[in-house]
Amino acid sequence: MRIASDHVRVSVPATSGNLGPGFDSLGMALGLRDELEVRAIASTSIEMEIEGEGAETLPRDESHLVVQAIRAALDHVGASQTGLAIRAINRIPHGRGLGSSAAAVVAGITAARAMIAEPEALDRAEALRLATVFEGHPDNAAPAIYGGATVAWTEGRRPHAAALEVGESIETAVLVPAVTLPTKEARAVLPPDVPHSHAAFNAGRAALLVHALAGRPELLLDATEDKLHQNYRADVLGPAMVLMRHLREQGLAAVISGAGPSVLVMGDSLEAAGLGSGMPESIQGIGDQQWRAFHTVGRVAGATGEPVGV
Ligand SMILES: Nc1ncnc2c1ncn2[C@@H]1O[C@H](COP(=O)(O)OP(=O)(O)O)[C@@H](O)[C@H]1O
Ligand SMILES: N[C@@H](CCOP(=O)(O)O)C(=O)O
């Protein structure tokens, strides 16, 4: 397969995985995006310019996750490898449960799709399959690719995703602490088996959540209960558990975002709760953290990629 566009622009959203009971399956795109420009250059080298999150720490070589994903996607469709010049504007905080690693992987795959002569070889189903090889679970990659809210599942090792209906009144606020928690660490504390009653509890709540999101916001608090991951992670989540419980006691549908340590709140009256456009003073300092808030209204588009200058 030949490279047809040697300069492409990509935009990819942050995502929140799990949404409470939907461990490794439910997810939602958030209104915070990384933007990248990728050029195929003549040499085999990597040139990398990074602004924003991770600018001080990310590698600027073949080990960069976006580069790895572009390489895997080009190999997957039989395209020749090339040198790469990447300019990244990173807005998604890293290691906070906002799907930054999924966004980087999906950005790389989307860049490759925009570069190749036959982009249908990397359609969304194929992109999800490739991204899940990197991520190990599809709940962030699915909304990063498809946008909106999704349910993802695997058949054997093959992931699939379906779009969920989300009522127009549903908004989200994500509260992001200063501390980080690598997803790998948060997955390592989960037990290999769980009680049958807990699995049944989550199955019921996940089904209820799909119904609540579609237009019954008053059910969101009950629908976001979980027994499969959040409590097991309490020790590593620290301040996020304190904030989540504080918000739930006030009747807000707060959950741990992804593997944490950010907290996601879903609802239809977040403005009234002080979570509409800012950060209520009453939350600052909970768990000894300074929290940043990002508010999303309406459906967020999945990853986009397009040639530049044609
Ligand atoms: N934009 C990016 N570019 C390159 N690597 C990234 C980017 N975003 C995240 N990563 C990599 O992914 C790691 C965070 O992944 P992870 O622990 O899964 O947390 P998150 O919840 O943010 O996805 C970062 O430390 C970094 O190594
Ligand atoms: N289902 C995963 C979600 C991880 O999301 P991230 O944004 O924290 O990487 C999990 O709970 O481990």
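Mentor: Leu 175 stands opposite Ala 293, a residue of strand β10. The model is a predicted one, in which local features need pLDDT of at least 70 and side-chain atom pairs count only at pLDDT 80 or more, while totals for chains, interfaces and linings use all residues. Residues are numbered from 1 along each chain as its sequence is written, and chains are lettered from A and ligands numbered from 1 in the order in which they are written.

Strand β7 covers residues 171-176 and runs antiparallel to β10, with six bridges joining the two. (Strands are DSSP runs of E with at least two residues, helices are runs of H or I with at least four, and both are numbered from the N terminus; two strands pair if DSSP finds at least two bridges between them.) β7 and β10 belong to an open sheet of four strands, ordered β8-β9-β7-β10 and paired antiparallel. β8 (253-256) and β10 (292-297) are the edge strands, and each has a single partner, so one side of each lacks a neighbour in the sheet. On average, neighbouring strands are turned by 20 degrees against each other, direction ignored. Helix α9 (residues 239-249) packs on this sheet, where it touches β7, β8 and β9 (263-267), and its direction makes about 165 degrees with that of β8. (Contact means C-beta atoms, placed from the backbone, within 7 Å; axes are lines fitted to C-alpha atoms, for helices over the stretch in contact, with angles from 0 to 180 degrees between N-to-C directions.)

Let us now turn to the wider setting. The protein chain is divided into domain 1 (7-165 + 300-307) and domain 2 (171-297), with bounds from an automatic or database domain assignment. Taken over C-alpha atoms, the centres of the two domains are separated by 24 Å. Domain 1 brings 26 residues to the contact and domain 2 brings 30 residues. On the side of domain 1 that touches domain 2, β1 (7-17) and β2 (26-41) each supply at least two residues, and β2 gives the most, with five residues.

Both domains also give residues to the shell around ligand 1, so the ligand lies between them. This shell holds 19 residues, the closest being Leu 65, Ser 100, Ser 101, Ala 104 and Thr 183; a residue is near a molecule if its C-beta atom, placed from the backbone, lies within 6 Å of it. Helices α1 (65-76) and α2 (100-115) are the elements that give two or more residues to the shell, and α2 has the largest share, three residues.

Note on methods:
Contact = placed C-beta atoms within 7 Å.
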